[in-house]
Amino acid sequence: MRVSAVLLLSGALLLDAVAAHPLSFFWRHCSQSEPAEAEVELEFARPTRDEAAVQVRKLVYKESLADLNTVFQDGDLAGSAIGLLEYYADCDSDGSLTLLMVELGHTFKNWKAGSPVSLSIRYTPPFGHSVSPASEPRVSLKGSLSFIPEDDEEAIKRAESCFVERHIDAKGWLPGNKVHKTAFMKFDVESVYWLGGFGNVAYIGDIPIDLYKNVTLKHPKFKIPHFPPKHDDDDDDDDDDDDYSDDEHERDAEEDEKEKEHYHKRISKHKQLMQHKLKSHKQKHKQVQKQLQVQEQEDDHWLLRVQRFFGSYPDREE
């Protein structure tokens with residue numbers, strides 16, 4: 001009888017130990033069904049390379065801030081890259097950009113010493129808010145810098161007028177100011193790398209330079225962005241609008257409304273997906289916490305039974 005009782009008790013303890021083993025909890029947790037993810041239907045197809053070229057030109061035209069990237073050519077930092085904020089303005093129809101360079105700056109000195117240059121431009125969402133900045137488009141432009149000749153009064157005047165319209169505060173350091181030596185420069189684009197967002201819905205890759213340069217304000221698929229700009233440039237838009245007929249204005253207005261409606265739908269669906277994921281994570285967290293509580297109770301129960309069996313823990317009072 002005593003042997004049978006010992007065997008039965010040993011079997012019970014063994015079963016309790018197996019049930020209390022961490023791996024048993026792991027398998028129970030893995031076997032539970034997870035909440036289904038929310039399905040989001042995408043209402044647009046991935047753009048073609050030609051459409052991506054238009055998107056690049058729209059972005060470059062709309063924005064006016066970029067990181068100018070250069071490489072130190074000498075000194076302790078030789079070979080190290082540096083990217084600093086620069087103002088720019090899209091003043092020409094071929095995609096080249098106008099910059100106002102301060103000759104004391106690192107970027108100017110590095111370029112003067114023979115460094116390659118590139119511009120990094122990112123999209124600024126309407127009203128300055130984005131649900132997911134990682135999904136927003138950006139572009140890297142590689143090219144060359146050159147001075148706009150000081151003796152070309154017409155070119156300097158046109159560059160100054162265009163630049164100040166985009167950056168009113170730049171009046172303080174125009175060429176000829178008494179503080180810093182500055183000069184207008186032209187950035188001629190030689191290669192374009194476009195990252196339109198996440199790869200399943202956006203074009204990612206090189207854009208042929210000829211394709212980039214052939215997109216102008218009068219391109220069939222190009223319309224001037226009407227989102228609120230960072231600086232007052234409404235007068236510049238009015239000058240460009242003179243070349244459009246009433247029908248084209250009406251068509252552009254309709255396309256603007258569709259684009260804004262699509263943008264808000266996309267933001268709304270993205271928020272719904274994020275809310276669903278957050279809710280799912282909260283449910284999983286509660287399930288895990290509940291399982292941990294059950295596991296702790298089982299562990300305590302098993303430990304108490306072992307201690308009582310060996311007489312090292314008193315029985316609970318009924």
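Visitor: Let me start from the working rule that two strands pair if DSSP finds at least two bridges between them. Which residue in strand 3 is the bridge partner of Tyr88?

Guide: That would be Leu99, which sits in strand 3 as the partner of Tyr88. Keep in mind that this is a predicted model.

Visitor: Do strands 2 and 3 run parallel or antiparallel, and how many bridges join them?

Guide: Strand 2 and strand 3 run antiparallel, with 2 bridges joining them.

Visitor: And what about strand 3 and strand 6, how many bridges there?

Guide: Between strand 3 and strand 6 there are 6 bridges, and this pairing is antiparallel too. To pick out one spot, Leu100 stands opposite Phe184 of strand 6.

Visitor: Before I go on, how confident is the model, say by mean pLDDT?

Guide: The protein chain has a mean pLDDT of 77, and 66% of its residues reach 70 or more.

Visitor: Where does the pLDDT stay under 50?

Guide: One such stretch is residues 17-43, where the model has 36 contacts beyond four places in sequence. Another is residues 226-242, also below 50, with 26 contacts beyond near neighbours in sequence.

Visitor: New topic, then. How many disulfides does the count give?

Guide: The count is 1 disulfide. Cys91 and Cys162 are the two joined residues, with 2.0 Å from S to S. About the S-S bond the angle is -95°, and the link is left-handed.

Visitor: Why does that pair tie together separate parts of the chain?

Guide: Cys91 belongs to the loop between strand 2 (81-89) and strand 3 (97-102), while Cys162 is in helix 5 (residues 153-166), so the link ties together parts 71 residues apart in sequence.

Visitor: Are Cys91 and Cys162 buried or exposed?

Guide: Both Cys91 and Cys162 are buried.

Visitor: On to charges. How many salt bridges does a search of the whole structure find?

Guide: The search turns up 5 salt bridges. Among them, Arg158 pairs with Asp92, their closest N and O atoms being 3.5 Å apart. This pair links distant parts of the chain, since Arg158 is in helix 5 and Asp92 in the loop between strand 2 and strand 3, 66 residues apart.

Visitor: What other salt bridge does Asp92 form?

Guide: Asp92 also meets Lys186, and here the closest N and O atoms are 2.5 Å apart. Again distant parts are linked: Asp92 in that loop and Lys186 in strand 6 (residues 182-195), 94 residues apart. Asp92 and Lys186 are both buried. Through shared partners, the salt bridges join Asp92, Arg158 and Lys186 into one network.

Visitor: And how exposed is Arg158?

Guide: Arg158 is partly exposed, at a relative accessible area of 47%. For Asp92 the relative accessibility is 17%, which counts as buried.

Visitor: Which residue does Glu63 meet in a salt bridge?

Guide: Glu63 meets Lys62, with 3.1 Å from N to O. Glu63 counts as buried at 3% relative accessibility, and Lys62 counts as buried at 18%.

Visitor: Last topic, the rings. How many aromatic pairs does the structure hold?

Guide: It holds 5 aromatic pairs. One of them is Tyr87 with Trp173, a tilted pair at 6.0 Å centre to centre and 45° between the planes. Tyr87 is in strand 2 and Trp173 in the loop between helix 5 and strand 6, so this pair ties together parts 86 residues apart in sequence. Tyr87 is partly exposed at 22%, and Trp173 counts as partly exposed at 26%.

Visitor: Why is the Trp111 and Phe147 pair edge-to-face?

Guide: Their ring planes meet at 75°, with the centres 5.6 Å apart, so the pair is edge-to-face; planes over 60 degrees apart count that way.

Visitor: Which elements hold Trp111 and Phe147?

Guide: Trp111 is in helix 4 (residues 106-112) and Phe147 in strand 5 (residues 138-147), so parts 36 residues apart in sequence are tied together. Trp111 is buried, with a relative accessible area of 18%, whereas Phe147 counts as partly exposed at 36%.

Visitor: Which residues form one aromatic cluster?

Guide: Phe108, Trp111 and Phe147 do.

Notes:
Residues are numbered from 1 along each chain as its sequence is written. This is a predicted model: local features need pLDDT of at least 70, side-chain atom pairs count only at pLDDT 80 or more; totals for chains, interfaces and linings use all residues. Side-chain values use heavy atoms; hydrogens and water are left out. pLDDT is the predictor's confidence in each residue, from 0 to 100. Contact means heavy atoms within 4.5 Å. A disulfide is a pair of cysteine sulfur atoms within 2.5 Å. Helices (H or I, at least four residues) and strands (E, at least two) are DSSP runs, numbered from the N terminus. Buried means under 20% relative accessible area, exposed over 50%, partly exposed in between (1.4 Å probe, protein chains only). A salt bridge is a side-chain nitrogen of Lys or Arg within 4 Å of a carboxyl oxygen of Asp or Glu. Rings of Phe, Tyr and Trp (its six-membered ring) pair if their centres lie within 6.5 Å; planes under 30 degrees apart count as stacked, over 60 as edge-to-face and the rest as tilted.
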